[in-house]
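Subject: Structure handover

Hello,

I am passing this structure on to you. Please open it first; my notes on what was found follow below.

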Amino acid sequence: MQLISFARGAPSLDIIDVDGLKAAAVRAFEADPAGITAYGTSVGYLPLRSWIAAKHGVEADQVIVTNGSMQADALLFEHLVKPGDAVVVEKPTYDRTLLNLRNLGATVHPVTVQADGLDVEELRALLESGVRPKLAHIIPNFQNPAGVTLSAEKRTALVALAQEYGFTIFEDDPYADIRWRGEKLPSMLSQDTTGVVVHASSFTKTIAPGLRVGYLVGPKETIAGIAKHATTVYISPSMVAEAITHQFCVSGDIDRSIATVSATLGERARLLAEGLRKHIPDATFVEPDGGYFLWVELPEDIDTTELEKVAAKDFGVAVVKGSDFLLEGGRHSVRLAFSAVLTDQVDEGVQRLAAAIEAVRKAG
């Protein structure tokens with residue numbers, strides 16, 4: 001039985017523009033062979049840096065291009081967070097965010113994620129209680145793992161709270177362009193007038209994860225400090241990968257790629273939601289408007305630590321247990337990543353998951 005995996009947030013090969021990437025690679029070597037085969041600088045390939053700056057309406061020296069957005073995250077955390085510093089995260093949040101912050105010795109304060117994003121009033125109460133975070137990590141669009149989107153009102157409120165209480169908002173936004181329903185909302189970066197927002201994104205979700213190209217946009221002083229540290233870490237990120245990405249972007253191929261990815265994943269998300277309603281009717285979830293993920297709450301008699309094991313071993317379907325994304329709790333939740341599940345396998349995957357749930361229920 002072939003495994004159907006809802007476990008990993010990665011695109012399937014059928015939605016990656018391999019031919020477009022091949023052509024972009026040829027153009028990159030033809031246009032700038034000396035620039036892309038030599039060492040670069042720690043801020044990344046300068047033409048791509050300028051393209052990103054123009055996209056976000058900022059100056060080029062507010063941008064650093066990195067080896068994937070995870071390295072961007074790590075560089076920012078290392079720059080800002082010291083042992084014992086308070087850091088706000090979403091509840092639930094990306095599992096590697098929790099790991100990185102714990103490794104840095106941060107004091108992590110989870111704040112509940114609602115259907116329209118972070119509970120701003122819960123955060124306000126935390127701040128009023130005397131907690132002074134150095135950083136608040138927010139995934140505003142199609143959040144990983146919950147799949148929800150931060151409302152426009154909450155974005156404005158968060159920026160105001162950051163300005164009032166003096167903390168940095170880390171706007172971690174790799175999924176923003178993968179939207180198939182609803183209107184695009186303004187970033188918190190675009191609303192920031194005082195330098196409280198650092199924005200991160202990548203080309204993993206819109207082009208291909210193998211490129212390993214991500215970036216940060218923020219205040220010039222912050223970016224300069226991170227660039228100085230990056231120089232000691234890796235001299236420069238991959239000039240070849242960034243030059244290929246640049247050619248892919250300036251040619252307009254990225255717009256076609258985004259359209260393909262969004263349409264395909266929108267169909268998979270729709271089929272996943274339909275399958276859950278049909279085969280697991282006691283599951284509750286918020287249907288996403290974009291991105292890669294859907295978060296499912298199951299009845300309290302289903303322990304998802306056991307479900308994760310049984311589903312993969314006996315039923316050929318992989319999921320990720322909810323407790324991976326929380327400091328505590330999540331025992332009855334799972335994250336389903338639909339990005340890599342082929343369209344004609346989605347319903348079969350849900351049927352297998354439903355059978356696994358019944359097996360866990362009977363065994364319990």
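In what sense do strand 3 and strand 6 pair, and over how many bridges? Before the answer, please note that this is a predicted model.

Strand 3 (residues 86-91) and strand 6 are paired in the parallel sense, over 2 bridges. At one of these positions, Val87 has Leu135 of strand 6 as its bridge partner. Strand 6 also pairs with strand 7 (residues 168-172), again in the parallel sense, over 4 bridges. There, Leu135 has Thr168 of strand 7 as its bridge partner. In general, strands of a sheet pair through backbone hydrogen bonds, either parallel or antiparallel.

The side chains of strand 6 (residues 135-138) point in two directions: Leu135 and His137 go one way, Ala136 and Ile138 the other. All four are buried.

Next, helix 7. This helix covers residues 152-165, and at 1.5 Å a residue its 14 residues should span 20 Å; the end C-alpha atoms are 20 Å apart, which agrees. Its buried residues are Lys154, Arg155, Leu158, Val159, Leu161, Ala162 and Tyr165. Seen down the axis of helix 7, the buried residues fall within an arc of 160°, so they line one face of the helix. After the helix comes Gly166, with a positive phi near 75°.

There is also an open sheet of 4 strands, in the order 10-11-14-13, with antiparallel pairing. Strand 10 (284-285) and strand 13 (320-321) stand at its edges; each has a single partner strand, so one side of each is left without a neighbour in the sheet. Strand 13 is joined to strand 14 (residues 333-337) by 2 bridges, and the two run antiparallel. Lys321 stands opposite Val334 of strand 14.

Last, a pair of helices. The axes of helix 12 (residues 304-315) and helix 13 (residues 346-363) come within 9 Å of each other and cross at roughly 120°. Helix 12 and helix 13 are therefore oblique to each other, and their crossing is right-handed.

Regards

Note on methods. Residues are numbered from 1 along each chain as its sequence is written. This is a predicted model: local features need pLDDT of at least 70, side-chain atom pairs count only at pLDDT 80 or more; totals for chains, interfaces and linings use all residues. Side-chain values use heavy atoms; hydrogens and water are left out. Two strands pair if DSSP finds at least two bridges between them. The expected span of a helix is 1.5 Å times one less than its number of residues. Buried means under 20% relative accessible area, exposed over 50%, partly exposed in between (1.4 Å probe, protein chains only). The arc is that of the directions from the helix axis to the C-beta atoms. Axes are lines fitted to C-alpha atoms, for helices over the stretch in contact, and angles run from 0 to 180 degrees between N-to-C directions. Angles under 35 degrees count as roughly parallel, over 145 as roughly antiparallel, 65 to 115 as roughly perpendicular and the rest as oblique. A crossing is left-handed if the near helix is turned anticlockwise from the far one by less than a right angle, and right-handed if clockwise.
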